[in-house]
Amino acid sequence: MDNKVVYTFQYKNPTSANVYLWLATPPDTKHQQVINEKKTPPCQKNEDTIGNKISFYEIKPNETIKASYKIQLLNNTEDTLPELTQEEKNYYLRSTPMVCVNEKVRDIASHVTKGVENPKEQAKLLFFYIVKNYKYKFPPKARGVTHFLKSKKGDCGEFSFLFAALCRAIGIPCRIMVGAFTGGQHRAHVWNEIYLEQEGWIPVDTSMAATVKRQLWRYFFSPFQTLFWKTYFGKTEHQRIVFSIDTEHQPVPAYPNAIVQNKQPYSPFDIAGEPFIWGKDLVQNKIPYFQPMYLYYEDQKPLKDRTENFLGLWNVQETGKQKLTLLVRSISGYIALLFAIFYFSTNWDLLSILFPFPAFLFCLSFVIRKERVLFFSFATVFFGIIMLLVSMGAISTIL
């Protein structure tokens with residue numbers, strides 16, 4: 001079934017000077033299609049060679065821009081396989097500061113895929129290699145393949161950068177998908193797609209595979225499905241959207257040619273081996289990535305360390321039955337929690353009798369949404385039996 005989600009974005013200039021902002025419009029892919037768009041009219045629009053649509057804004061102090069998109073998530077395959085031009089192949093095989101295809105990367109890719117000629121099997125071996133040898137950690141201490149190879153710890157971005165570099169090292173076109181999970185605010189995520197001539201673009205998510213395999217507890221009560229870890233090669237849970245494709249983008253119009261004389265008041269972050277100030281710098285004259293925006297702020301005072309100051313406020317919400325079941329989960333979960341807290345505080349027996357009812361609805365919502373089905377099926381049956389026994393006891397008492 002094809003699902004629809006609503007993605008909303010807003011950015012309020014928190015400074016006393018102008019902010020220049022580049023905002024990505026979600027692209028149409030085989031997995032998503034924008035069916036409605038409303039946004040503050042931009043100063044300028046641009047579309048790059050790989051399909052990223054970028055709106056440019058000049059935002060005055062205390063001014064707010066807004067955007068809203070209705071997106072259809074497509075759960076189908078392409079009727080006609082896309083054919084990459086030589087220019088596109090070169091683009092998705094390139095080496096960049098963040099996705100660095102250096103000698104070490106080439107050696108690893110060659111060693112891991114030794115004796116295997118099929119590109120899909122080669123990519124699968126690289127997928128297994130990363131899942132086995134690298135661990136998820138957020139926030140990362142730095143960004144870029146070079147640092148990740150040393151630390152072997154990083155977030156979804158680092159996993160995707162390394163997988164792209166390894167694939168590119170052996171001639172497999174690979175792109176980085178920058179987006180978010182559905183079901184809430186600021187659920188940022190990054191993964192990959194590889195191009196195979198017989199299948200077109202297929203998804204690969206090494207970071208989800210690694211965390212599901214080792215740290216499933218991270219997603220136990222989350223509002224999206226988790227798959228068996230090996231399944232993340234070639235498939236996703238169909239609960240995510242893409243903001244933009246790949247990294248290191250040419251800013252249009254040109255980024256202000258400003259040099260920060262004193263970096264002391266700022267908090268530089270290591271990107272591709274260099275100290276980087278978000279909102280003041282570029283990576284070798286390129287915007288590092290759009291998730292879903294990048295900015296330049298004229299104010300010389302550092303921005304307060306809040307997500308909305310650097311990435312804006314954005315939310316991706318499901319619609320229809322998915323939204324309803326999530327609402328039921330939220331309400332029933334809070335009610336069950338309140339019953340439990342008040343019971344342990346007051347020892348009021350009535351609360352222990354009422355507790356199974358919201359607990360049953362809470363667990364049932366996971367089963368309906370196909371999230372951690374095995375565990376929550378047992379929990380649903382358990383609370384269902386208790387609820388039935390409680391109801392029968394109440395009826396017998398009345399009679």
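Helix H8 (residues 320–346) packs against helix H10 (residues 356–368) at an angle of about 150°, their axes lying 8 Å apart, where axes are lines fitted to C-alpha atoms, for helices over the stretch in contact, and angles run from 0 to 180 degrees between N-to-C directions. The model is a predicted one, in which local features need pLDDT of at least 70 and side-chain atom pairs count only at pLDDT 80 or more, whereas totals for chains, interfaces and linings use all residues. Residues are numbered from 1 along each chain as its sequence is written, and side-chain values use heavy atoms, with hydrogens and water left out. Helices (H or I, at least four residues) and strands (E, at least two) are DSSP runs numbered from the N terminus.

H8 and H10 are therefore roughly antiparallel to each other, a term applied to angles over 145 degrees. The contact (heavy atoms within 4.5 Å) involves, among others, Val328, Arg329, Ile335 and Phe339 of H8 together with Leu361, Phe362 and Phe366 of H10. Its residues comprise 10 nonpolar, four polar and one charged, with Ala, Val, Leu, Ile, Met, Phe, Trp, Tyr, Cys and Pro counted as nonpolar, Asp, Glu, Lys and Arg as charged, and the others, Gly among them, as polar.

The largest cavity is lined by Asn3, Lys4, Val5, Leu73, His238, Gln239, Glu318 and Gln322, a cavity being a set of points on a 1 Å grid over the protein atoms alone where a 1.4 Å probe fits but cannot get out, and lining residues having an atom within 4 Å of a point. Strand E1 (residues 3–12) gives the most to this lining, with three residues, and the lining as a whole divides into two nonpolar, four polar and two charged residues.

How values were computed
Parallel < 35°, antiparallel > 145°, perpendicular 65-115°, else oblique. 1 Å grid on protein atoms, 1.4 Å probe; cavity = no way out; pocket = protein on both sides within 12 Å on 5 of 7 lines; lining within 4 Å.
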